[in-house]
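The sequence and model come next.

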Amino acid sequence: MDEEEILREIQTAVIDGNKEDSESLARQAIKNDMNLSEVIEKGYTIGIQKVGDLWQKGEYFLPELITSAECMKFAMNILIPQMQKGKIMINSLGKIIIGTIEGDIHDIGKNLVASLLSANGFQVFDLGSDVRLEYFIEKAEEEDADFICLSSLLTTTMLGQKRFIEMLKEKNLFGRFKIMVGGAPVNRKWAEDIGADGYAGNAMSAVVVAKSLTANKSKKGL
Amino acid sequence: MIKAIRPKFKLLSDDFIVKIIEEACCILEKEGVFVENEEVLNLFKEAGMEVTKSNKRVFIKRKLIEDSLSSTPSLIKLYDRSGHKQFIIGGDQVHFAPGSTAVTIFDHKTQEQKKALTEDLIRFTRLTDCLEYIHFQSTAIISGDVSGIISDCYRLFIGLQFSEKPIVTGTFRVEGFKPMRDMLIAIRGSKDALERKPLAIFDACPSPPLKWSNLTSQSLIDCARAGIPSELISMGMTGATSPVTIGGTLVQHVAENLSGLVICQLAKKGAPVIFGGSPSVFDMRKGTTRIGAIETMMIDSAYIQIAKYLNLPTHAYMGLSDTKSNDNQAGFESGIGIILSALSGINVISGPGMMDFESCQSIEKLVIDNEICGMAYRLIDGISQRDEPIAVDLFKDITQESQFLSVPHTRKWYRKELTFPKLIDRDTYDYWINSRKKSIADRAYEEVGRLIKENPSSSLDKNIRVELKKIMNRYAKDSEISSFK
């Protein structure tokens, strides 16, 4: 396979949600000593953009969207360590810390958001579910993150989002990270009230909000 | 006289039921369930089950499931606050309760949701208390004006004061159980009396797939030991947190319920347990839970059939709607749900009043749903022979001028044969125009005002009220909340 062909195959693998091909093509690209930044940009990213188009058209639903996002993630797990070894700059839209707040072990919504953010060029650190509020901050400082995304499915843990922002203020860290909130009981009004920077009602809009917050660093994405 | 047959809705063949139970047991035995509670893990170990400490996984042998099934009561007698009125949860008895734990209330005047406050919960509870076909109340709304830390207990505190009806509730924190139980004991007078005459049902929701959190497993064992019925609320979302096929979701649903039932029986043999749930189909575009979808109701009716096959008391979330206002969708989703739930013979049906999936209560919808529940009861009463002969006598001496309005037969039977809804539009077109084209929601709004005005608030013995307040204050203090309303 020549390079053009590999890039085309990568796009197809992502669009079809074929995880095995997506991974083996990443290995193939490394073996062929291809420019890995280009492999991501002209292969995987184009693929995921086409998946986004199919979603917009109403042809793709969540199972396709998530499988394609996972294809992308699996390939990145192979490509990024290789790029780091070769000290190749990794283009990322920003570092995102994400997790479901303590007391809450529901994480399907958070997983959707994490997958789509990472498929759309963000570097995502998923802390999982039932995460201590302090740990979000520790991890964000450690990674020098741009965003912290807090998810709550329960009305009870939703209150933790408010507490988290108060905690940031106490630690004089408010304003250092962009805070995005989401989850079934959360709405725009709540996000505004507690002083979050962004709110998203679903995974696709989380990507849009995160991108707009990246583009206008000072503005709010509510 | 020929008696009515009870109309019944069935979706599964016996073969299918047996196969689903078989696969559920197979999963419990071979793959196990996750339990995040040390005490429950120890109970399993003591019962000789294999427990992997590292990932808190328990493998449940078939024998233990069978033993637990045989020690679980097939019916529960629930009593109202006075202890006089009994409700059977078992067989094909049907009882409706408002959906539980909404965070907002729908404001009919602004046609928007607003944060629910204590006064909304009180109004909702008072209204529930006077609705004929809503047999139970529920801790329907979380009061947004009270700290979240004590809100589990606070809802019960309000519910017990403003309604006589048995109550569906549950804990938000492990610490919430004790004060909640103490309140129930305060009503009954003693721990034994509460055990003899349970007043509340506690919901416990496993996290799909196959996981019992620390909070929910603790609730199961605490309730079992206090003789409080636990209602197991499995809530897989097809294709997201449970298999996408209805059959597959049923397997998971049964596995989760059986594991919960085993936990209750390990804590106390003979503990009352209700096989329940709030599963849903997952919207593959919006990522939301389609509670009002027909497929969701199919899952509900099907697992109920399985629970009945196992001779267990039953519960489901039906009669609610995904819509955002009292529109057509609210009516048809709730209507289909209420009718199917009654035809399925579900013992406890949570849902009336609820909209926006499970997050909003509408007091007007509750009144409308009450009328649908009335229709459902009429439907399951069926058609029975009232007279012998059925009608031949009525046609004796018939003339061309004959009518039935003034014959004694009509007067004798019409109140039994017919229902008398208040809100449903059966007026003429002119009347509708003259009454400013009111919708059913407008009429419900007026009816709510009338009911609240005309029905005095349920009164609770002063000493008990003081005791409840003491318990509430203590819980608030222990939770480091300085004051509550």
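## Helix α5 of chain A

Helices (H or I, at least four residues) and strands (E, at least two) are DSSP runs, numbered from the N terminus. The expected span of a helix is 1.5 Å times one less than its number of residues. This is a predicted model, in which local features need pLDDT of at least 70, side-chain atom pairs count only at pLDDT 80 or more, and totals for chains, interfaces and linings use all residues. Residues are numbered from 1 along each chain as its sequence is written, while chains are lettered from A and ligands numbered from 1 in the order in which they are written.

Helix α5 (residues 108-119) of chain A has twelve residues; its first and last C-alpha lie 17 Å apart, close to the 16 Å expected at 1.5 Å a residue. Eleven of the twelve residues of α5(A) are buried (20 or more other C-beta atoms within 10 Å of the residue's own, with C-beta atoms placed from the backbone). Among them are L112(A), V113(A), L116(A) and L117(A). After α5(A) comes G121(A), with a positive phi near 100°.

## Domains of chain A

An automatic or database domain assignment divides chain A into domain 1 (3-85) and domain 2 (95-215). Taken over C-alpha atoms, the centres of these domains of chain A are 26 Å apart.

Six residues of domain 1 of chain A are in contact with six of domain 2 of chain A (C-beta atoms, placed from the backbone, within 7 Å). On the domain 1 side, helix α4 (residues 62-85) of chain A gives the largest share, five residues.

## Contact between chains

The contact takes 14 residues from chain A and 15 residues from chain B.

Methods. Contact = placed C-beta atoms within 7 Å.
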